[in-house]
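Here is a short tour of the packing inside one protein chain, taken residue by residue. Have a look at the model below, and then let's walk through it together.

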Amino acid sequence: MPSARSSKPSRDDSEARRAMRLSTWFALGAGALGVVLIAWPHLLPAGGPWVQLALGAMTLFLAFRARAIGTHGVEDYDGRLSLLAAMAGFAILFFAGGEAFRLLAALGG
């Protein structure tokens with residue numbers, strides 16, 4: 001069964017390739033920073049979960065942007081690195097979201 005991607009002509013654009021690579025590496029960097037802050041939360045004592053939530057959201061956004069650019073604009077796209085960044089973003093949001101919920105629940109009584 002042919003995929004939907006094969007019906008559309010894929011253009012191999014150097015600008016798309018550059019944008020995909022930048023998005024992937026920025027997502028991996030943000031994901032690595034978020035994982036480090038999850039592992040050692042004492043590195044960022046004030047506002048820790050909120051910064052981690054922002055890093056997780058940014059990681060997911062950049063990873064899915066890289067995947068979208070790669071599937072539409074790059075001929076031989078291999079999305080393993082952006083998939084790794086997306087999984088890190090989900091993990092960051094999971095753990096930081098639990099901690100943020102715990103802090104908000106402690107404020108409520």
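## L28 and its partners

Setting aside residues within four places in sequence, L28 touches L81, L84 and A85. Keep in mind as you read on that this is a predicted model.

## The nonpolar cores

L28 is also a member of the largest nonpolar core, which has seven residues: A27, L28, L60, L62, A63, A85 and A86. Helices α2 (14–39), α3 and α4 (80–108) each supply at least two residues of this core. The top contributor is α3, which gives three residues.

There is also a second, separate core, made of five residues. Among its members are A16, M20, V74 and Y77.

## T59, a buried threonine

Where does T59 sit? You will find T59 in helix α3, which spans residues 48–73. Is T59 buried or exposed? With a relative accessibility of 0%, T59 counts as buried, because the cut-off for buried is under 20%.

The side chain of T59 has a polar atom 2.7 Å from the backbone oxygen of L55. Beyond its neighbours within four places in sequence, T59 is in contact with A27, A30, G31, A85 and G89.

## The aromatic pairs

How many aromatic pairs does the structure hold? There are two. In one of them, the ring centres of F64 and F90 are 6.3 Å apart and the planes meet at 65 degrees, so this pair is edge-to-face; the angle qualifies because planes over 60 degrees apart count that way. F64 belongs to helix α3 and F90 to helix α4, so the pair ties together parts that lie 26 residues apart in sequence. As for accessibility, F64 counts as partly exposed at 42%, and F90 counts as partly exposed at 47%.

The other pair is formed by F94 and F95. Their ring centres are 5.1 Å apart and their planes are at 80 degrees, so this pair is edge-to-face too. F94 has a relative accessibility of 60% and therefore counts as exposed, since the cut-off for exposed is over 50%.

Terms used: Residues are numbered from 1 along each chain as its sequence is written. This is a predicted model: local features need pLDDT of at least 70, side-chain atom pairs count only at pLDDT 80 or more; totals for chains, interfaces and linings use all residues. Side-chain values use heavy atoms; hydrogens and water are left out. Helices (H or I, at least four residues) and strands (E, at least two) are DSSP runs, numbered from the N terminus. Buried means under 20% relative accessible area, exposed over 50%, partly exposed in between (1.4 Å probe, protein chains only). A polar contact is a pair of N or O atoms within 3.5 Å; within protein, one must be able to donate a hydrogen and the other to accept it, and residues adjacent in sequence count only if both atoms are side-chain atoms. Contact means heavy atoms within 4.5 Å. A nonpolar core is a set of buried Ala, Val, Leu, Ile, Met, Phe, Trp, Tyr and Cys residues joined through side-chain atoms within 4.5 Å. Rings of Phe, Tyr and Trp (its six-membered ring) pair if their centres lie within 6.5 Å; planes under 30 degrees apart count as stacked, over 60 as edge-to-face and the rest as tilted.
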